[in-house]
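Please open the model in a viewer and keep the selection panel at hand.

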Amino acid sequence: MALVAVAASATSLHAQRKVHTAYAVTPDVSVRLFASVGTVQVIGWDKDSVVVSGVVAQGSQVSLGTPGAGPTRGLKLFVESPTEKAVREGSLTVRVPRGARIWLKTGSADVTASEVTGGLDLNVVGGSITVHGSPRELRAESMDGAVTIDGSPSWMRVKTATGDIALRGGEDVGASTISGTIDARGGEVERVKLESTTGAIHFALALARGASVEMETHSGPIDVQLSRKSPPEVDAATVTATIENMWSKTQPTAGREGRGMSLELGGGQMGGRVVLRSFKGKITLRGM
Amino acid sequence: MTEHTSPDDRLNELTAALPREVAPPPDLWPAIRAELAPRSARTIQWTPRWRLAAAGLLVAASSSILTLFAVRAREHTPAAVAVTPRDTAPVAEERLPAHLVVAERAYARSIDALWRTLDERRDSLAPSTVATVERSLRIADSAIAEARSALEHDPANRVLEDLLVSNYERKIDLLRRATELAPRT
Amino acid sequence: MARALSLVRHEASVDAPRLALGDDGLVERARRGDVDAFEQLYRLHAGRVYALCLRLAADPVVARELTQDTFVKAWEALPRFRADASLTTWLHRIAVNALLERRRGEKRRSARVSLADDEDAAEMIVGVVAAPDVATAIDLERAVGALPPGVRRAFVLHDVEGYTHEEIAAMTGLAAGTLRAQLHRARQLLMRALSL
């Protein structure tokens, strides 16, 4: 394994400077990155090295560590830009071994991660998060940026405050937002819990055998598409809203004192179980 | 919990984690104060004879209070005995199941602690972040209030109870995440 | 921006501040009729008493009345309080007596609570999945609230509040054998309810 080490360049490019540093690392290296820049790309590759490259504004504080004598198991990288304008001008690309574990915290950066199969823990305030591929473990938290997961992580927890969430399934999935929407389609899921206070939930994932699905809102509507071939058990209830069943012939019953509705449907042996709850968001069941 | 924790040990763990204190309703002290009989400035010598007499008075007074409570609970006319009839209309939180009252106290403590931390670090947050957090907390509080109000009228409704708990947990999670956004000062 | 966050601040915790004065000084003053001192004692101990009453009664309305009863009786009995005993234990004893008095006098409860009165019906407590943190505590509190009254009393006093068998016997008049049986039953029912 070749040791690659290039000192950080101080060449100015207009009001920016380039950064480029490489480290020899173990395949399961743990990388902690604090980056106050405009965009961050994390790309998994087949080399046992971490390469950090990009541009940051002049005056940015950069600490990219010092290459050691042998492959390192842990790296801590720090980039802080002095002004909001400088933040927007900064851009980093971090190449890591596919099996690496990445912890990233950034303010308003748009973060993209691809081809990482280890672990990703991404914390963004105002920027968006997009993940391509299927890391073993994924945690993605944004306040008002959108989160898009284009893959099927084994374990995934996604949280926003106002940002919309789009995901394609996985083994153990949790997504929670206050007012963003949750759109889950295009893949398969084993265990999933989707929660939104006022945002809508759209669900069209295929259910693995014996899947467990829970969805809950306060006022956001819940729209669920289910397969008729392997029908799951369904337990739906609202406090004041309506339930519309366009998936089977059974009609929901009115709740106590005529408020709200409930619907209980038995399913096939391995169809799984779907629990839907909303205070005042309409619940709609459709066929796939 | 480890793989080898027995059910007994697990129950012990869960029991040990229960709060030992739960703050009573804020209007309870005034109700108690109104019932406290003035104490004589003279020191009473507690002989067995005095104790019996005092016990008798206590029973008589208690009976009077209970009788008064039963008869005058919903009336507003002055009491014949010099004690104030208790207001029997339960305050809002007492319409909730007991276990939720305990849980709400725990939530209130968590929320209070998180708010204090957030206040200490607020100056390091961007105004747009503050606005997002505030807006989201307003939404969360509105949902909590609505679910709570519905549960007060239907305290046995498990669906409502679960929705209320979820709303609280989303609020606390939001506050926790907001405190983690700001660097420690 | 500085105070913006506090615009939507949640209502402040209702926990009372701890006071510098020890119980001894307050008890002495309260014995002599100082209501302000008694209020401070109330602020120091009400949380423990209310928690006990909530769990014993499994009903916030009854718990409020029991707590009120307890402190009113404590005020009247304070001249008899021996300072070498724990004030909390003394207050708890008054609360348990208040509960027992109430039970002796009250009629059969409404259907919603009758499950708890019926020991056989308690067998029907449906298992709920244990979950971490407050959600688990809620499950346990709910399960405790669904226990039959005598069994619940034994569990709360022994397992939650930590009183010994002798102390519980002195509070409730229960024989040691009965208490042991009630504790065993409580734990069985709770472990089943929590799917442990």
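How many residues does the contact take from chain B, and how many from chain A? Select both chains: 24 residues of chain B and 28 residues of chain A take part, contact meaning heavy atoms within 4.5 Å. About 2,300 Å² is buried between chain B and chain A, 60% of it on carbon and sulfur atoms; buried area is the accessible area (1.4 Å probe) that two parts lose on being put together, summed over both. Within that interface, select B:Leu163, B:Arg170 and B:Arg177, which supply 30% of the area that chain B buries against chain A, more than any other three residues.

This is a predicted model, in which local features need pLDDT of at least 70 and side-chain atom pairs count only at pLDDT 80 or more, while totals for chains, interfaces and linings use all residues. Residues are numbered from 1 along each chain as its sequence is written, chains are lettered from A and ligands numbered from 1 in the order in which they are written, and side-chain values use heavy atoms, with hydrogens and water left out.

**Chain A**

Helices (H or I, at least four residues) and strands (E, at least two) are DSSP runs, numbered from the N terminus. Of its 288 residues, 50% count as buried, where buried means under 20% relative accessible area, exposed over 50%, and partly exposed in between (1.4 Å probe, protein chains only). Chain A exposes about 12,200 Å², with carbon and sulfur atoms supplying 48% of that area; accessible areas come from the Shrake-Rupley method with a 1.4 Å probe, and for residues only the protein chains shown count as cover. Among the contacts of chain A with a separation of 6 or more, 45% involve residues 24 or more positions apart.

Next select A:Ser53, found in strand 4 (residues 49-57) of chain A. Is A:Ser53 buried or exposed? A:Ser53 counts as buried because its relative accessible area is 16%. Beyond its neighbours within four places in sequence, A:Ser53 is in contact with residues including A:Val19, A:His20, A:Ser91 and A:Arg95. Draw a C-alpha to C-alpha distance from A:Ser53 to A:His20: they are 33 residues apart in sequence and 4.2 Å apart in space.

Now select strand 23 (residues 261-265) of chain A, which pairs in the antiparallel sense with strand 20 (residues 233-238) over four bridges; two strands pair if DSSP finds at least two bridges between them. A:Leu263 in strand 23 is the bridge partner of A:Ala236. Strand 23 also pairs in the antiparallel sense with strand 22 (residues 253-254), over two bridges, and A:Thr253 stands opposite A:Ser262 there. Strands 22 and 23 of chain A form a hairpin with six residues between them, and A:Glu257 in the turn has a positive phi of about 55°.

**Chain B**

Move to B:Asp119, in helix 4 (residues 98-121) of chain B. B:Asp119 is buried because its relative accessible area is 10%. B:Thr179 lies 60 residues from B:Asp119 in sequence and 8.8 Å from it in space, C-alpha to C-alpha.

**Chain C**

Select C:Arg142 in helix 6 (residues 133-145) of chain C. At 16% relative accessibility, C:Arg142 counts as buried. What does C:Arg142 touch, not counting residues up to four places away in sequence? Display B:His99, B:Arg158, B:Glu161 and B:Asp162.

C:Lys73 counts as buried because its relative accessibility is 18%. Its side chain makes a polar contact of 3.4 Å with that of C:Glu101; such a contact is a pair of N or O atoms within 3.5 Å, where within protein one must be able to donate a hydrogen and the other to accept it, and residues adjacent in sequence count only if both atoms are side-chain atoms.

Finally, select C:Ala58, in the loop between helix 2 (35-57) and helix 3 of chain C. Phi of C:Ala58 is positive, near 55°. Most residues other than glycine have a negative phi.
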